[in-house]
Amino acid sequence: MTEAASLLSGPAFPWIALLLGLCMGSFLNVVIHRLPRMMEREWAVQCAELRGEPPRPAERYNLVVPRSACPACGHGIRALENIPLLSWLALRGRCSVCKTPISLRYPVVELLAGVAAAWCAVRYGFGAAALASMVFVWAAIALTFIDLDTQLLPDSITLPLLWMGLLVNIPGTFVDLQSAVIGAIAGYLFLWTVYWGFKLTTGKEGMGFGDFKLLGAIGAWTGWKMLPLVVLMSSFIGALVGIALIVFARRGRNVPIPFGPYLAVAGLVALFWGPQLAEHYLRRFY
């Protein structure tokens, strides 16, 4: 075993994963902020084409260009101002030029991504399972915050996540491939059925198509046996949050509540602790 491989597979691996996760968290902040705006721009172009309007020249806008800047004064973020966690603390949560407060969400996302990556390293050790689970966690974080902001679950995240779940489970990394394929199909079809049943009964849409794809992706990673746990847990958490918002935040009953964050949390629980929870349930009640 080479020295580099020995370092990765040893006790330093969780710390390396923590640093990697913090850096990925910084990138996730960009994804959370820019991806919905990129989708809106694409939709605007498509609508213009349908109306027969000539394409309008627009500045490049993607996950790399333009350079990150303060939304208040336009100050370009320098490299030393973009170090995960440390820069936010050094700047005391404010822009270095105009002193506009920087949202607490940025360091929170970085910390979540870092701690989650370290946990994956501890949970699985150096190998495919740890690296794959990090990707799953990072995707779940991005989807959670995007859905909270916009009530969107972008296909550019959910669909690759679904296919990656199937690829990861070809060698049986988390579950056998047959269980993963059935889980992907059953996860999508279950919420699809709920959606149409609710719509035909009430004439309203109870959830978005992104929720179907996310549950399908979770099924691809965790297998079909974990889907009841994911659905029950996400529904329970969603109901508690919804009731709390109505009672304490005076939120109207007709105001939609994103379901993606609860699916993401339940999916993480199922991936990391699902078999243990299922075994505990069977031992207790059977």
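1. Phenylalanine 174 is buried, with a relative accessible area of 19%, where buried means under 20%, exposed over 50% and partly exposed in between (1.4 Å probe, protein chains only). Tyrosine 124, at 24% relative accessibility, counts as partly exposed.

2. This is a predicted model, in which local features need pLDDT of at least 70 and side-chain atom pairs count only at pLDDT 80 or more, while totals for chains, interfaces and linings use all residues. Residues are numbered from 1 along each chain as its sequence is written, and side-chain values use heavy atoms, with hydrogens and water left out.

3. Rings of Phe, Tyr and Trp (its six-membered ring) pair if their centres lie within 6.5 Å, and planes under 30 degrees apart count as stacked, over 60 as edge-to-face and the rest as tilted; the count comes to 14 aromatic pairs. Because tyrosine 124 belongs to helix α4 (residues 105-124) and phenylalanine 174 to the loop between α6 (155-168) and α7 (177-202), the pair ties together parts that are 50 residues apart in sequence.

4. Ring pairs also link Trp119, Tyr124, Phe136, Phe174, Trp221, Phe272 and Trp273 into a cluster.

5. The protein chain has 10 helices and 0 strands, taken as DSSP runs numbered from the N terminus (helices H or I, at least four residues; strands E, at least two).

6. The mean pLDDT (the predictor's confidence in each residue, from 0 to 100) of the protein chain is 87, with the lowest confidence in helix α1 (residues 3-9), at a mean of 59, and the highest in α6, at 96. Where pLDDT is low, the predicted coordinates should not be read in detail.
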